[in-house]
Amino acid sequence: MAKRAVENQKPFSERSPLLFLAIVTAVALIPFLNKAFTMDDPLFLWAAQHIVDDPGDPYGFNLNWYGRTQTMGFVMQNPPLTSYALALASEIVGWGEGALHFAFAFFAFAAVAGTWSLARGMTERPLLAAVLTLAMPFFLVSATNVMSDVPMVACFVWALALWRRGIEENREWMLWLAALLAGAAGLFKYFGIAAVPLMLVYAVMRRKVPYHLVLPVAMIGLYELATHAISGAAQYVAVERTNPGAKTLLMLSFMGGGAIALLFFAPLLVRRRWWWIPVAVLAAAIAIVAINGTLSVQFTLFVAVGLGVFVLAALNVRRDADSILLLLWIVGTAVFAAYVNWTVNARSLLPMIPAVAILIARHVQASRNAILTATAATAAVSLLVGFADMQYANAQRDAAKQLMNHYAGDGHRMWFEGHWGFQYYMQRAGAVPFGFDETLHGKDLLVTPSTNTLLLHDVQRPPHHVIETLQIPLGVPAATVSNPMKAAFYSDYMGPLPYVFGTPPPETYTVRRLGR
């Protein structure tokens, strides 16, 4: 009776941690259920729709995504497990935005719960690590899309959590399940296989023979033998890059924006005698940014937080497997994002977010109110960024609806430039993606969005005259995708910051009638 009384005195979050995390995840994602499909969402959706008709050939169709018709196998540089999950979800809930976002919230909860499970053996504050993972911008925004990133992270963290616990408790079934999940992570997104070297190092440090890791290697190897998809992906990322110094600076900026919680928790992590560490980190960031000639307050702040992540991971290192695991997890993800991936972006750095959250939870020593305040500040930034991303996505859907309702019945073909979510909604309404080798007919219509990819210059377009310019205002004071603001959540090609604060200009859609 006394034990039960003590349990009942604990807060709800400690008595039912998984239920608490499920509720928090639901509350965080409900505002984004009706978010329009955006960026690479259409690729996963089109593959899923094809899977419903032909489950054995997920990429057996052609599409125009890079300005000309190509095979889906070339365009889609990700394995197909995400599209199979979407196909399965669609059989239950349909193809609507709200329905599929609701279904994919399962992966967000799984990633948050997996972080909690992994953190239980690493910190006395595992719930804080889980909540911080959810509250950080890269995770929250990614969880409002239907791409492969969050499903991969969910399998990734559960693989590490079960592997660690299996070694601790000498449970073979946990080790095999962890190995299976590591393979699944790689089949959601290739980076997921990076869980295997982390598991290998951890096992060696704990003097455990890691023969179970043959399973994920075999899974990825068999997929490669059957499809040669990994070889194609390797050729795809072998693109021209800027110099390593510039990529390093971009990586630090994106890391800082993604792990913004460290900015708010820094005063709660630093001991009095170590006050000089954050001062030195900030001074180093200012010097680095000044040398590169790109001084701005937000950019400098993000670079400082990015440097702080590495400093915290290094200061955390002890002669134990857990600290080495966290260090290698963060460094490995950063190296991949900066020097291997075709672009520095939030999606490539997302896998390190649970590790950063665990590091913060391991070292924070403050009152409950101080921790709640820092967590709330992190969540506030993330929600602002999330709503900014949603407003850009919804603008594309709204523009496609308005334009097609107005022009689709005039008897002329409707062409459009750009891709991403705009292509999904324009194509669904009957418009045709413009190709570099297309033959256009006189008086056809061509729509050009202001913020998109593969847009032609006026000198490259056929003879035309502008008949309308549709503007859709963006009211949220932040941007994740904006050329004028240099906001580049999905690719550093658009700018040096994953998100930017300030009111973005309206999204503009120019309608041209072809012919002289």
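Let's start with Leu18. Leu18 sits in helix H3, residues 17-29. Helices here are DSSP runs of H or I, at least four residues, and strands are runs of E, at least two, numbered from the N terminus. Leu18 is partly exposed, with a relative accessible area of 38%. On that scale, buried means under 20%, exposed means over 50%, and partly exposed is in between, with a 1.4 Å probe and protein chains only. Leaving aside neighbours within four places in sequence, Leu18 is in contact with Phe109, Ala113 and Trp116. Contact means heavy atoms within 4.5 Å. From Leu18 to Thr480 it is 462 residues in sequence and 31 Å in space, C-alpha to C-alpha.

A word on the source. This is a predicted model: local features need pLDDT of at least 70, side-chain atom pairs count only at pLDDT 80 or more, and totals for chains, interfaces and linings use all residues. Residues are numbered from 1 along each chain as its sequence is written, and side-chain values use heavy atoms, with hydrogens and water left out.

Next, salt bridges. Side chains of opposite charge can pair when their charged atoms come close. The cut-off is a side-chain nitrogen of Lys or Arg within 4 Å of a carboxyl oxygen of Asp or Glu. How many salt bridges does the structure hold? There are 11 salt bridges.

One of them joins Lys35 and Asp389, at 2.5 Å, N to O. Lys35 is in the loop between H3 and helix H4 (41-53), Asp389 is in helix H22 (residues 368-407), and the two are 354 residues apart. Lys35 is buried, at 0%. Asp389 is also buried, at 0% relative accessibility.

Another joins Arg397 and Glu97, at 3.2 Å. Arg397 lies in helix H22 and Glu97 in helix H7 (residues 97-119), so this pair ties together parts 300 residues apart in sequence. Arg397 is buried at 16%, and Glu97 is buried at 11%.

Then Glu172 and Lys208, at 3.6 Å, N to O. Glu172 is in helix H11 (residues 172-188) and Lys208 in the loop between helix H12 (195-205) and helix H13 (214-227), so parts 36 residues apart in sequence are tied together. Glu172 is partly exposed, at 30%. Shared partners also join Asp40, Asp149, Lys189 and Arg347 into one salt-bridge network.

Asn145 lies in the loop between helix H9 (137-142) and helix H10 (149-169). Is Asn145 buried or exposed? Asn145 is buried, at 4%. Not counting residues up to four places away, Asn145 touches Lys35, Asp389 and Tyr490, among others. Its side chain makes a polar contact with the side chain of Tyr490, at 3.2 Å. A polar contact is a pair of N or O atoms within 3.5 Å; within protein, one must be able to donate a hydrogen and the other to accept it, and residues adjacent in sequence count only if both atoms are side-chain atoms.

Now the sheet. Five strands form an open, mixed sheet, in the order S4-S3-S5-S11-S6. Strands S4 (432-433) and S6 (464-472) stand at the edges, each with a single partner, so one side of each has no neighbour in the sheet. S3 (residues 414-416) and S5 (residues 445-449) pair in the parallel sense over three bridges. Pairing requires at least two DSSP bridges.

Last stop, Asn452, in the loop between S5 and S6. Asn452 is buried, at 9%. Its side chain makes a polar contact with the side chain of Gln396, at 3.5 Å. A polar atom of the Asn452 side chain also lies 2.6 Å from the backbone nitrogen of His419.
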